[in-house]
Amino acid sequence: IYGFGYGGSGEDIAKALAATTNWQKSSIDPSVIGYDLSTNNLSGFSALPGGSCAVSYIINDASNGNWWTSTENNSQMVWSCWLDSNSPELVFINGNENATGYSVRCISDN
């Protein structure tokens with residue numbers, strides 16, 4: 001996502017993807033999601049925090065969001081991506097188990 005990094009370039013694109021509401025306010029670093037929510041969402045993606053769940057626990061807070069991607073590593077593992085209110089980066093994680101509960105983002109062709 002070229003041009004959406006904090007300050008116009010770079011890989012620190014989390015703030016540009018995150019919605020302007022619902023995220024935990026935090027940090028003294030202006031490049032992270034939780035600092036001044038009104039300056040989030042330059043890309044229009046409007047990512048909301050959704051937490052995650054696994055077999056034995058649920059993490060449902062306003063500090064992070066986890067989403068599945070459509071790319072499988074193998075039949076048991078897929079790529080996911082993660083945003084955190086204290087981080088300037090979108091992190092891709094290879095190897096999450098399919099049994100983990102993350103959010104999905106549906107996009108209409110219409």
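## Ground rules

Residue numbers start from 1 along each chain as its sequence is written, and side-chain values use heavy atoms, with hydrogens and water left out. As the model is predicted, local features need pLDDT of at least 70 and side-chain atom pairs count only at pLDDT 80 or more, while totals for chains, interfaces and linings use all residues.

## The aromatic pair

The structure holds one aromatic pair (ring centres within 6.5 Å, taking the six-membered ring of Trp). Trp68 and Tyr102 form it, 4.8 Å centre to centre with 40° between the planes, and the pair is tilted (under 30 degrees would be stacked, over 60 edge-to-face).

Trp68 sits in strand E3 and Tyr102 in the segment after strand E5 (91-97), so the pair ties together parts 34 residues apart in sequence. Strands here are DSSP runs of at least two residues, numbered from the N terminus.

## A loop residue

Asp61 belongs to the loop between strand E2 (58-59) and E3. With 31% relative accessibility, Asp61 is partly exposed, a class that runs between the buried limit and the exposed one of over 50%.

Leaving aside residues up to four places away in sequence, Asp61 touches Pro49 and Gly51 (heavy atoms within 4.5 Å). Asp61 and Pro49 are 12 residues apart in sequence, and their C-alpha atoms are 7.2 Å apart in space.

How values were computed. Helix = DSSP H or I, 4+ residues; strand = E, 2+ residues; numbered from the N terminus. Buried < 20%, exposed > 50% of the residue type's maximum accessible area, 1.4 Å probe, protein only.
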